[in-house]
Amino acid sequence: MESKIGADQAQNSVYDKEIGSNLTNDESSFLGNILREILYSPMNLALLAIICFLVYKIVRDRTEVPSVGVAKPSEPELPKIRRDFTVKELRQYDGNQPDGRVLVAVNGSVYDVSKGRRFYGPGGPYATFAGRDASRNLATFSVVSNDKDDYDDLSDLSAMEMDSVREWEMQFKEKYELVGKLLRKGEEPTNYDEDEDDENVSNDLPKSKTETDDKNQGSHILQGNNATKKNAQDQPISTDC
């Protein structure tokens with residue numbers, strides 16, 4: 001009886017070993033098939049590389065400790081300036097000088113656009129405006145550099161183009177620091193006080209062509225009305241009325 005039980009146990013042991021061997025072979029065969037599918041398929045290799053990269057990024061982001069209180073160094077703020085410029089003097093402020101200051105003139109006013117250096121500084125999309133009078137460019141939607149040495153009075157622009165210039169001027173006033181005015185030929189610069197505000201600077205700026213024309217037109221109308229009143233007083237009142 002005991003020998004029969006021992007034989008059964010031995011038979012079960014052999015059977016278990018065979019099952020374990022078969023399972024091991026099946027697992028190795030399954031893994032081998034997966035490896036072959038991955039290694040011999042370029043698309044699967046690409047997907048595997050992407051998965052590994054994403055896993056690496058997730059692990060790196062979780063393990064890296066963010067630096068608290070460490071801010072990126074900001075560019076030093078340039079001191080404010082108050083002065084007028086001739087066309088030639090303005091050319092020196094195109095952002096290529098050591099301090100990197102960028103000035104742009106619009107409708108007779110000069111603005112410090114240094115904080116918008118990525119737009120108006122070297123390499124920016126509007127770098128051709130830097131150190132120049134950009135009024136005509138803004139009116140005609142042109143980015144061609146204005147290299148004229150004379151003051152541009154914009155007298156040949158249409159009313160619609162002048163409206164565009166004034167709209168741009170308002171945007172520059174709201175966004176950038178007003179420095180002074182662009183001088184005409186023979187015009188003397190204004191002596192600004194250090195504590196003078198933008199409103200006082202604006203009062204000293206030259207009137208635009210349209211504003212001057214409107215003022216002259218209003219003066220002519222007023223003179224015409226006065227002359228009409230004077231003629232009416234000189235003439236006798238008609239009795240036929």
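Q: Is Met43 buried or exposed?
A: Exposed means over 50% relative accessible area, buried under 20%, and partly exposed in between (1.4 Å probe, protein chains only). Because Met43 has 62% relative accessibility, Met43 counts as exposed.

This is a predicted model, where local features need pLDDT of at least 70 and side-chain atom pairs count only at pLDDT 80 or more, while totals for chains, interfaces and linings use all residues. Residues are numbered from 1 along each chain as its sequence is written, and side-chain values use heavy atoms, leaving out hydrogens and water.

Q: Which helix holds Met43?
A: Helices here are DSSP runs (H or I, at least four residues) and strands are E runs of at least two, numbered from the N terminus. Met43 sits in the one spanning residues 42-63, namely H2.

Q: Which residue in S2 is the bridge partner of Leu103?
A: Strands count as paired if DSSP finds at least two bridges between them. S1 (residues 103-106) and S2 (residues 109-112) pair in the antiparallel sense over four bridges. In S2, Leu103 is partnered with Asp112.

Q: Which residue in the turn of the hairpin has a positive phi?
A: S1 and S2 form a hairpin with two residues between them. The turn residue with a positive phi, about 55°, is Asn107.
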